[in-house]
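Please open the model in a viewer and keep the sequence panel at hand.

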Amino acid sequence: MTETTELSLFEFIAHEAQLLDALRLDEWLALFADDGRYWVPLRGALQADDGTHNALADEDRLLLSLRIARLKNPRAHSQHPPSRCQHVLQQPTVVHADAAARRYELRTPFVYVEARADRQLMLTGCCRHRLIDTSDGLRIELKRVDLLNPGAALPAIQLFP
């Protein structure tokens, strides 16, 4: 097992975004821990994780794998033409590090653009990654996406900000 450094954490965050931008979704899913969760709270950063409010997305590995299978299905009408995305990340900051437990939390402001045909959706906000360093490398326990304007009437988001 290699030592987890701030640089390796930052590189992990950049790599995760690159996998999404390249639509290497199976490889992206593999970055999640077995009990990993992808969460886009409906109220953004104001929302506590107490289960009392809805979410734009709240998916465990099973739901993520189903969504990825749908995106890859050639009969998925929402993907004709296919969606593309681009993540522009600001330098992450380490919010919490527990080297003994090998657990880390990072905060990364972002701009996200999703395009399909002649339409583009631009979102901005902040991602919070809760990572654990396992014998297989870093894994995502939680990716929380706090949108800047979560209360806006958003069109369907096909991919993963």
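**The largest pocket**

Begin with the largest pocket of this predicted model, which has a volume of about 240 Å³. To display its lining, select Ser 78, Ser 83, Glu 114, Ala 115, Arg 116, Arg 119, Gln 120, Leu 121, Pro 155, Ala 156 and Gln 158. Next, colour strands β5 (103-116) and β6 (119-134), the elements that each give two or more residues to this lining. Colouring the lining of the largest pocket by class then shows 4 nonpolar, 4 polar and 3 charged residues.

**A nonpolar surface patch**

Clear the selection and pick Leu 62, Leu 63 and Leu 66.

**The whole chain**

Finally, consider the overall dimensions. Along the principal axes, the C-alpha atoms fill a box of roughly 45 × 35 × 30 Å. How does the radius of gyration stand against that of a compact globule? A compact globule of 161 residues would have a radius of gyration near 15 Å, and the 16 Å of the protein agrees with this.

Technical notes:
Residues are numbered from 1 along each chain as its sequence is written. This is a predicted model: local features need pLDDT of at least 70, side-chain atom pairs count only at pLDDT 80 or more; totals for chains, interfaces and linings use all residues. Side-chain values use heavy atoms; hydrogens and water are left out. On a 1 Å grid over the protein atoms alone, a cavity is a set of points where a 1.4 Å probe fits but cannot get out, and a pocket is an open set with protein on both sides within 12 Å along at least five of seven lines; lining residues have an atom within 4 Å of a point. Grid points are joined across faces, edges and corners, and a volume is the space filled by probe spheres set on the points. Helices (H or I, at least four residues) and strands (E, at least two) are DSSP runs, numbered from the N terminus. Ala, Val, Leu, Ile, Met, Phe, Trp, Tyr, Cys and Pro count as nonpolar, Asp, Glu, Lys and Arg as charged, and the others, Gly among them, as polar. Patches are made of residues with over 30% relative accessible area and no salt bridge: like charges are joined within 9 Å, nonpolar side chains (Val, Leu, Ile, Met, Phe, Trp, Tyr) within 5 Å. Accessible areas come from the Shrake-Rupley method with a 1.4 Å probe; for residues, only the protein chains shown count as cover. A salt bridge is a side-chain nitrogen of Lys or Arg within 4 Å of a carboxyl oxygen of Asp or Glu. The radius of gyration is taken over C-alpha atoms; the globule rule is 2.2 Å times the number of residues to the power 0.38.
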